[in-house]
Amino acid sequence: MAAVEGTRVKSAKSGSDSGGGKTQFQLETQRMLDTSKKKLTLIEQQRIMAVMEDSCSRLELAGLLRFVIDNLERFNVALGQDLCDQIQRHAALTEDFLHNLHSEPEPNADPDDLQKRSDLLQLQLHHSTKTILRMFAANPAAVKAVRAEVAQMPHETQVFVGYVRECKALLLQRLLATPFEEKQRNDYLTEVTDRYRKNEVVIEKLTAELAEATRDKEEEVAKRNEVIRKLKMDIHHIEKSAEDHINRTKIDSEKQQQADEKNRDTKRDKLQLELNQLKQQLVNITTEHRKNEQTLRVKKFQTETEVEAWIQQYDRDMGEKQDEYEEIDAQYTQEKQELNVLEEKFKTLEEEYNKIMEERRLNKEKKEEQEKNVRAATKAALAIQRYWRAYKVKKATKKKGKKGKKSGGKSGKK
């Protein structure tokens, strides 16, 4: 118990010494991290947030498009004839796409044709959706009427829109926060983590000390209960001994009364006096033991009261630590969700980057193949030209030799 008190006194002193600085740091950090009173001043920031808000609105409209198709007559007046016609064409394209996706291909069908048809339907759906969203943008009343049924959106779409809105909120916070405020926030989180770890060490130490103190109290209570039990046994033996003594005295008095009939009054008074003395002695002994028992019961009650007070104090301290832990855990969970959103966005960007790099690699390989073909064709053309020149030279040489022979023959005849 003394160890527990010493630890708490030390904790209270250290808390009082550093409490002022920590409180001031927390107030400054919360004031700097509070973005509710800040506004976007740069036009680029305002444009970014406007694009995010427009994206959220378009996502909600795209998510409610299936509901609008199923209840087109209900929205006929708010949407207008042009928008209704476009939505009907979109519904027909959707049905064709789903039919083409889930239907079994014909045995003799060309897979390339099926893939081309699927890609064409998908492209048409894409352009149709963009057209519908542009027509919604030109009709604010239709947008308001459709977005009023946001509860009818599928659960998966609601979750996705929620993630996008969380991303928007996170982006707004990052745009509003300066680098110094971001550093201040990280310092605050580091301090909270360190404080939580220190509190865990203190809690473990206090728990061990409380367990030891509880064991000591239980041993002390057990010893006192054993003393009370022995005292009760002594009282019981005394009462039994007194009762046996009274019975023996009565028997002896009766025998003495029978033996001495003449002196019975005197002897009776004497025996009665002895009996009264023994009863008074029994009463005194009983009273004394009962007082001792009552004193021990009071001490036991005080001990149990102290133990209960320690347990209640421990429960209060543990409740405060649990509340602080739950608050820190909630902050950690929220930041973990924000991190997951950023990781999902990074994965999407990484996939796009990989696609672009793959396209560049293919284009490079294609270009190298073309250059290789050009070099081979050039080499072949040069070889053909060399063979052709050699052939022409050889042919010219043969003609020249024939002409020389003819001119020599003519001169001999002469």
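1. In helix α5, the buried residues are Leu-83, Cys-84, Gln-86, Ile-87, His-90, Ala-91, Leu-93, Thr-94, Phe-97 and Asn-100. Buried here means under 20% relative accessible area, exposed means over 50%, and partly exposed lies in between, with a 1.4 Å probe and protein chains only. Helices (H or I, at least four residues) and strands (E, at least two) are DSSP runs numbered from the N terminus.

2. The model is predicted: local features need pLDDT of at least 70 and side-chain atom pairs count only at pLDDT 80 or more, while totals for chains, interfaces and linings use all residues. Residues are numbered from 1 along each chain as its sequence is written, and side-chain values use heavy atoms, with hydrogens and water left out.

3. The protein has 10 helices and 0 strands, in the order α-α-α-α-α-α-α-α-α-α along the sequence. Of its 414 residues, 20% are buried. Among contacts (heavy atoms within 4.5 Å) between residues at least 6 apart in sequence, 82% join residues at least 24 apart.

4. Helix α5 covers residues 81-102, and its end C-alpha atoms lie 32 Å apart, in agreement with the 32 Å that 22 residues should span at 1.5 Å a residue. The expected span is 1.5 Å times one less than the number of residues. The buried residues of α5 pack against α3 (65-70), α4 (76-79), α6 (111-137) and α7 (140-147). One of them, Cys-84, has 3% relative accessibility and therefore counts as buried.

5. Helix α6 has 27 residues and reaches 39 Å from first to last C-alpha, close to the 39 Å expected at 1.5 Å a residue. Its buried residues are Ser-118, Leu-121, Leu-125, Ser-128, Ile-132, Leu-133 and Phe-136. What covers them includes α2, α3, α4, α5 and α7.

6. Leu-61 is in helix α2 and is buried, with a relative accessible area of 5%. Leaving aside neighbours within four places in sequence, Leu-61 is in contact with Leu-133, Phe-136, Val-143, Val-146 and Arg-147. The C-alpha atoms of Leu-61 and Glu-149 are separated by 9.9 Å, although these residues are 88 apart along the chain.

7. Helix α2 (residues 43-63) packs with helix α8 (residues 155-176) at an angle of about 175°, their axes 10 Å apart. This makes α2 roughly antiparallel to α8. From α2 the contact includes Ile-48, Met-52, Cys-56 and Leu-59, and from α8 it includes Phe-160, Val-164, Cys-167 and Leu-171. By class, the contact has 12 nonpolar, 3 polar and 4 charged residues. Axes are lines fitted to C-alpha atoms, for helices over the stretch in contact, and angles run from 0 to 180 degrees between N-to-C directions. Angles under 35 degrees count as roughly parallel, over 145 as roughly antiparallel, 65 to 115 as roughly perpendicular and the rest as oblique. Ala, Val, Leu, Ile, Met, Phe, Trp, Tyr, Cys and Pro count as nonpolar, Asp, Glu, Lys and Arg as charged, and the others, Gly among them, as polar.

8. His-289 is in α10 and is buried at 17% relative accessibility; not counting residues up to four places away in sequence, His-289 touches Ile-235 and Ile-238. Thr-303 also lies in α10 and is buried at 7% relative accessibility. With the exclusion of residues up to four places away, Thr-303 touches Lys-217, Val-221 and Arg-224.

9. Cys-167 counts as buried at 15% relative accessibility. The structure holds 0 disulfides, a disulfide being a pair of cysteine sulfur atoms within 2.5 Å.
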